[in-house]
Amino acid sequence: MPISLRQHLLNGRIDRVAIALSGMCVAHCFITAVLLGLLASAGGIFENPIFHEVGLVLAIILGAVALGHGAVAHGYMMPAAIGSLGLGIMAGAMTMDHGLQESAYTLLGVAILALGHDLNHRAGR
């Protein structure tokens, strides 16, 4: 019998998946900005804005579900507020031209979002 979404929310699995995705985003941004930026031919492929757009959509969906459920389940709004701040910074970074400033804001947003998910996970224990 498959585990339901509610069970994943209750046992903190969605927060852990969201934290892992945040870590992959950090790795992607770091690799794109530093390593692949040096390799113009390969960098052009991975700097495609579709990676950021898909990542933001996934972050918003997972963030809304996991952080929203956590706020309802344990009654603490702080994790959801912090996570939402991170999502907002990430969304704001999407409006910037591709470059160092956009990468810095994206990484800041991802770090704040990951903190929100971690706090949410801890509050649910």
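A crossing of two helices is called left-handed if the near helix is turned anticlockwise from the far one by less than a right angle. With that term in place, I turn to the structure shown above, which is a predicted model.

Let me begin with helices H5 and H6. Two packed helices are described by the angle between their axes and the distance between the axes. For this pair, the angle is about 160° and the axes lie 7 Å apart. Angles over 145 degrees count as roughly antiparallel, and therefore H5 is described as roughly antiparallel to H6.

Which residues of H5 meet H6? Among them are Pro-79, Ile-82, Gly-83, Leu-85 and Gly-86. On the H6 side, the residues in contact include Tyr-105, Leu-108, Gly-109, Ile-112 and Gly-116. Sorted by class, the contact of H5 with H6 has 14 nonpolar, six polar and one charged residues.

The next pair is H4 and H5. Their axes come within 9 Å and cross at roughly 165°. H4 is therefore roughly antiparallel to H5. This crossing, too, is left-handed. In H4, the residues that meet H5 include Leu-56, Ala-59, Ile-60 and Gly-63. Their partners in H5 include Pro-79, Ala-80, Gly-83 and Ser-84. The residues of this contact divide into ten nonpolar, four polar and no charged.

The crossing of H4 and H6 is left-handed. His-52, Leu-62, Ala-66 and Gly-70 are among the H4 residues that meet H6. From H6, the contact includes Glu-102, Leu-113, His-117 and Ala-123. Here the division by class is seven nonpolar, seven polar and one charged.

Rolling a probe the size of a water molecule over the atoms shows where empty space is left.

The largest pocket holds about 430 Å³ of space. Its lining consists of 22 residues, and those nearest its centre are Leu-21, Cys-25, Phe-51, Gly-55 and Leu-56. Helix H2, residues 13-38, helix H4, residues 49-74, helix H5, residues 78-93, and helix H6, residues 100-123, each give two or more residues to this lining. Which helix gives the most? The answer is H4, with eight residues. By class, the lining of the largest pocket has 15 nonpolar residues, six polar ones and one charged residue.

The second largest pocket has a volume of about 180 Å³. It is lined by 14 residues, and Leu-9, Leu-10, His-74, Asn-120 and Gly-124 are the closest to its centre. At least two residues of this lining come from each of helix H1, residues 5-10, H4 and H6. The largest share, five residues, again belongs to H4. The lining of the second largest pocket divides into four nonpolar, eight polar and two charged residues.

Thank you for your attention.

Definitions and conventions
Residues are numbered from 1 along each chain as its sequence is written. This is a predicted model: local features need pLDDT of at least 70, side-chain atom pairs count only at pLDDT 80 or more; totals for chains, interfaces and linings use all residues. Side-chain values use heavy atoms; hydrogens and water are left out. On a 1 Å grid over the protein atoms alone, a cavity is a set of points where a 1.4 Å probe fits but cannot get out, and a pocket is an open set with protein on both sides within 12 Å along at least five of seven lines; lining residues have an atom within 4 Å of a point. Grid points are joined across faces, edges and corners, and a volume is the space filled by probe spheres set on the points. Helices (H or I, at least four residues) and strands (E, at least two) are DSSP runs, numbered from the N terminus. Ala, Val, Leu, Ile, Met, Phe, Trp, Tyr, Cys and Pro count as nonpolar, Asp, Glu, Lys and Arg as charged, and the others, Gly among them, as polar. Axes are lines fitted to C-alpha atoms, for helices over the stretch in contact, and angles run from 0 to 180 degrees between N-to-C directions. Angles under 35 degrees count as roughly parallel, over 145 as roughly antiparallel, 65 to 115 as roughly perpendicular and the rest as oblique. Contact means heavy atoms within 4.5 Å.
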